[in-house]
Amino acid sequence: DVNGDTATGHLVVPYTFPGEVPMVVDFERLHFGEPVRADDGGPDPDPRQLPAIRVDLRDFAFAGRDFGHLKAEFARGTAGMTLNQFTMQHASFTAKGSGSWLVRDKGAECRLEFVADSGDVLGFMEAMLLGSQITGKQGRISANLSWPGAPEISALGRLSGRLEITAKDGELTEVEPGAGRMLGLMSLGHLPRRLALDFGDLTGKGLAYDTMRGTFQLVDGDAYTDNLTLRGSAAEIGIAGRTSLRDRTYDQTAVVTGQLGASLGVAGALAAGPVVGAALLLFSQVFKEPLKGATRGYYRITGSWDDPQVKQIEAQELKDDRQAGTPQAAAPAAEPEGAQQPP
């Protein structure tokens with residue numbers, strides 16, 4: 001029995017380890033801090049030496065992230081551990097999924113498949129420490145991921161698979177530096193601030209959107225998208241390119257379209273630079289639906305997550321880059337099974 005500020009509950013550890021008797025972790029509260037792993041050059045833990053585990057954590061937090069009520073069942077087998085099912089219940093989201101941590105001929109490999117639904121996108125963002133720049137009345141994340149090695153924080157830079165996000169009826173609010181950096185979402189948030197696109201007269205707070213969606217193909221820690229789009233009554237934004245989870249950098253191109261008459265400030269900012277029809281066609285073909293705004297601006301987003309560089313480019317430059325196959329427009333050299341390759 002454990003009773004403390006960060007852990008309160010009941011733990012059962014089987015005498016025979018691994019053995020057939022499961023470990024039971026039944027806690028009212030369990031809060032872990034930032035993970036610390038000694039770089040001693042030793043081998044990773046062996047999942048074949050772990051027992052079955054039953055987990056019920058009514059208040060679970062890890063590295064400052066609030067996961068709410070977590071329930072999970074791990075079964076052991078000759079190749080390692082199988083996560084038969086897990087569920088999360090939080091005030092702002094629910095999630096469920098499954099996974100595994102198995103040892104194959106080429107070494108250990110982890111897989112994780114999950115769906116998370118939110119009725120409060122801002123609450124979800126804050127619970128996951130992703131910042132407070134995106135709000136929404138409805139959101140969903142679904143993923144099918146894999147990576148070599150153990151389930152640890154550094155695995156973020158080795159992820160492969162597919163991830164989809166959607167959100168509805170929200171706003172891009174003011175962006176604080178370093179927040180919401182994952183998967184190019186900060187690219188969306190930085191555009192109004194960095195390019196002085198003032199949507200305050202239209203929304204009162206930020207850029208309102210009706211829908212936001214994107215599909216990401218992950219290859220060895222690089223996330224590629226060809227359809228990250230935000231659509232609203234004042235403007236539409238589309239982003240294509242790469243976000244490196246390993247190096248924490250961007251290499252993306254964005255097109256921002258505004259509606260004529262919606263805002264003189266928006267129209268004036270977007271009209272800078274010539275619009276070449278061929279370049280517009282090339283970029284529009286990247287997206288599943290054409291961007292419909294009347295005035296357009298093209299931007300390149302590069303650099304680190306903490307200090308992204310946003311540069312306006314001319315349509316001719318966009319056309320030349322796409323025809324030349326620059327890195328920000330190029331597809332990955334390899335892709336996971338069943339995934340779509342970006343153009």
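# A tour of the strands, core and side-chain pairs

Select residues 160–172, strand β10, and residues 207–219, strand β11: they pair in the antiparallel sense over 11 bridges. Strands here are DSSP runs (E, at least two residues), numbered from the N terminus. Two strands pair if DSSP finds at least two bridges between them.

This is a predicted model, in which local features need pLDDT of at least 70, side-chain atom pairs count only at pLDDT 80 or more, and totals for chains, interfaces and linings use all residues. Residues are numbered from 1 along each chain as its sequence is written, and side-chain values use heavy atoms, with hydrogens and water left out.

## Stop 1

Pick Glu-171. Its bridge partner in β11 is Ala-208.

β11 and β12 pair in the antiparallel sense over 7 bridges. Click Arg-213. Opposite stands Thr-229 in β12.

Move to the turn. The hairpin of β11 and β12 has 2 residues between the strands. There, Asp-220 takes a positive phi near 50 degrees.

## Stop 2

Select residues 93–104 (β7) and 107–118 (β8). These strands are antiparallel, with 12 bridges between them. They form a hairpin with 2 residues between the strands. Pick Trp-101. Its bridge partner in β8 is Cys-110.

β8 and β9 run antiparallel and are joined by 10 bridges. Ala-116 stands opposite Ile-141 in β9.

While the strands are on screen, show their side chains. In a regular strand, side chains alternate between the two faces of the sheet.

## Stop 3: the nonpolar core

Which residues have the most contacts inside the largest nonpolar core? Select Leu-57 and Leu-218. That core has 57 residues. β11 gives the most to this core, with 5 residues.

A nonpolar core is a set of buried Ala, Val, Leu, Ile, Met, Phe, Trp, Tyr and Cys residues joined through side-chain atoms within 4.5 Å. Buried means under 20% relative accessible area, exposed means over 50%, and partly exposed lies in between (1.4 Å probe, protein chains only). In soluble globular proteins, nonpolar side chains tend to be buried together.

## Stop 4: a patch on the surface

Turn to Leu-11, Val-13 and Phe-17. They form a nonpolar patch on the surface, with about 270 Å² of accessible area together. Val-13 sits in the loop between β2 (7–12) and β3 (23–32).

Residues in such a patch have over 30% relative accessible area and no salt bridge, and nonpolar side chains (Val, Leu, Ile, Met, Phe, Trp, Tyr) are joined within 5 Å. The areas come from the Shrake-Rupley method with a 1.4 Å probe, where only the protein chains shown count as cover for residues.

## Stop 5: salt bridges

How many salt bridges does a search of the whole structure find? The count is 11. Each is a side-chain nitrogen of Lys or Arg within 4 Å of a carboxyl oxygen of Asp or Glu.

Select Asp-26 and Arg-58. They form a salt bridge, with the closest N and O atoms 2.3 Å apart. This pair links distant parts of the chain: Asp-26 is in strand β3 and Arg-58 in strand β4 (residues 53–62), 32 residues apart. Asp-26 is partly exposed at 29% relative accessibility. Arg-58 is partly exposed too, at 28%.

Glu-28 lies in β3 and Arg-58 in β4, so the pair ties together parts that are 30 residues apart in sequence. Glu-28 is partly exposed, at 47%.

Go to Arg-242 and Asp-222. Their closest N and O atoms are 3.7 Å apart in a salt bridge. Arg-242 lies in strand β13 (residues 235–244) and Asp-222 in β12, so this pair ties together parts 20 residues apart in sequence. Are they buried or exposed? Arg-242 counts as buried, at 18% relative accessibility. Asp-222 is buried as well, at 10%.

Finish the stop by selecting Asp-26, Glu-28, Asp-56 and Arg-58. Salt bridges that share partners join them into one network.

## Stop 6: aromatic rings

The structure holds 4 aromatic pairs. Select Phe-32 and Phe-62. Their pair is edge-to-face: 6.3 Å centre to centre, with 70 degrees between the planes. Phe-32 is in β3 and Phe-62 in β4, 30 residues apart. Phe-32 is partly exposed at 43% relative accessible area, and Phe-62 is partly exposed at 26%.

Rings of Phe, Tyr and Trp (its six-membered ring) pair if their centres lie within 6.5 Å; planes under 30 degrees apart count as stacked, over 60 as edge-to-face and the rest as tilted.

Ring pairs link Phe-32, Phe-60, Phe-62 and Phe-67 into a cluster.

Notes: Helices (H or I, at least four residues) and strands (E, at least two) are DSSP runs, numbered from the N terminus. Patches are made of residues with over 30% relative accessible area and no salt bridge: like charges are joined within 9 Å, nonpolar side chains (Val, Leu, Ile, Met, Phe, Trp, Tyr) within 5 Å.
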